[in-house]
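Please read it beside the model.

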Amino acid sequence: MDSLWMTGYEKEIERCKKLYVNFSEGAGYIKAVFDALKKYYEKHGNQLSQLELTIPSAEESAEMMRQDESLNLRPDINTALFSELFKLVCLETTKANPVIKETIATVVDKTITFLSEEGEIVSLEKIKAFRDLLIKETAIEKDMATFLFSIVLSSIYRRQLETISKVLRTDLYEGGECPLCGEKPHYGMLRNDDGAKHLECWLCGTSWVHTRVKCPYCSNDDREELGYFTVEGNDICRVNYCRNCCRYCKIIDARKFGMDGKVILAIHNLASLEYDLLARKEGFFPGSGLEWINEEDEAIDRQD
Ligand SMILES: [Zn+2]
Ligand SMILES: [Zn+2]
């Protein structure tokens, strides 16, 4: 498997430990989770069957890109695979954080029951709805549920869509949602060489250039309503916001650490969750719909 984030993530975690002061504490856990996923795919990758996908022809998809229309490729997920990966990630979570052992055990039980009722495949939408249900019905925190589900789902989607992602004419595309799967982005990057803004899909890993003065969520391009803020003393991550729709996304400024190409933004995202908290405190919501902040964190911070 040559997915970028499955190779080189160790180095990216080390780099992020230096770039983001608050990341050191959680870095070991993140590495253990990536290690577990990598090991699983190395051992079983060849035996995993890929679902048949109906893909538009090269000409058709190029035309869709020109029209800023996402292919909206959202394949169903193999329940057995999801279940195996989810259990692995939960095991590492319990090792790193024994205090939530019981909560995680409940989450795993409920997830297995849910999947067993779904048959061989399950839609992405059903899994997302189930994640939201777990947040309501169990003691699991929002940020933890977001992490567990997004890491497992993205490992499956990246693997399944990477060959298409590589040939898709994203250079013709100027839309705000992922040109391949249609998911809304949570983060992006300012490229080191020319400062161009790239957005990247948290789910399938596709990246595309997006104009700097435009909201990816509501397409608002009024300069007065768009802006960004950052943290004093650490401006590697910018919170890009839109006052029209009150959404934000995080943009990593790769010029600050002189890196091109192989930046694993999924790890930068995990290393910079304090910026999500800031965004929330400023009254903005994640345009991706991914909730990385718990209400309690917000409340505790406000009392300070
Ligand atoms: Zn995508
Ligand atoms: Zn907007």
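## Terms and conventions

Two strands pair if DSSP finds at least two bridges between them. Helices (H or I, at least four residues) and strands (E, at least two) are DSSP runs, numbered from the N terminus.

This is a predicted model: local features need pLDDT of at least 70, side-chain atom pairs count only at pLDDT 80 or more, and totals for chains, interfaces and linings use all residues. Residues are numbered from 1 along each chain as its sequence is written, while chains are lettered from A and ligands numbered from 1 in the order in which they are written.

Strand β8 spans residues 247–253. Of its 7 residues, 6 are buried (20 or more other C-beta atoms within 10 Å of the residue's own, with C-beta atoms placed from the backbone). The strand is therefore largely enclosed by the rest of the structure.

Strand β9 (residues 285–286) runs parallel to β8, joined by 2 bridges. There, Pro-286 of β9 stands opposite Tyr-248. Strand β3 (residues 187–190) also pairs with β8 in the parallel sense, over 4 bridges. Tyr-187 has Lys-250 in β8 as its bridge partner.

Strand β7 (residues 234–242) pairs with β8 in the antiparallel sense, over 6 bridges. Cys-237 has Ile-252 in β8 as its bridge partner. β7 and β8 form a hairpin with 4 residues between them. In the turn, Cys-246 has a positive phi of about 60°.

## Two domains

The domain assignment, automatic or from a database, gives domain 1 (4–167) and domain 2 (174–303). Their centres, taken over C-alpha atoms, are 20 Å apart.

Contact means that C-beta atoms, placed from the backbone, lie within 7 Å. On that basis, 32 residues of domain 1 are in contact with 29 residues of domain 2. On the domain 1 side, α1 (9–19) and α7 (142–167) are the elements that give two or more residues. The largest share, 12 residues, comes from α7.

## Helices α1 and α2

Which way do α1 and α2 run relative to each other? The axes of α1 and helix α2 (residues 24–44) come within 10 Å and cross at roughly 170°. Axes are lines fitted to C-alpha atoms over the stretch in contact, and angles run from 0 to 180 degrees between N-to-C directions. The two helices are therefore roughly antiparallel (over 145 degrees).

Tyr-9, Glu-10, Ile-13 and Lys-17 in α1 meet Ser-24, Ala-27, Ile-30, Lys-31 and Phe-34 in α2.

Notes:
Contact = placed C-beta atoms within 7 Å. Buried ≥ 20, exposed ≤ 12 C-beta atoms within 10 Å, placed from the backbone. Parallel < 35°, antiparallel > 145°, perpendicular 65-115°, else oblique.
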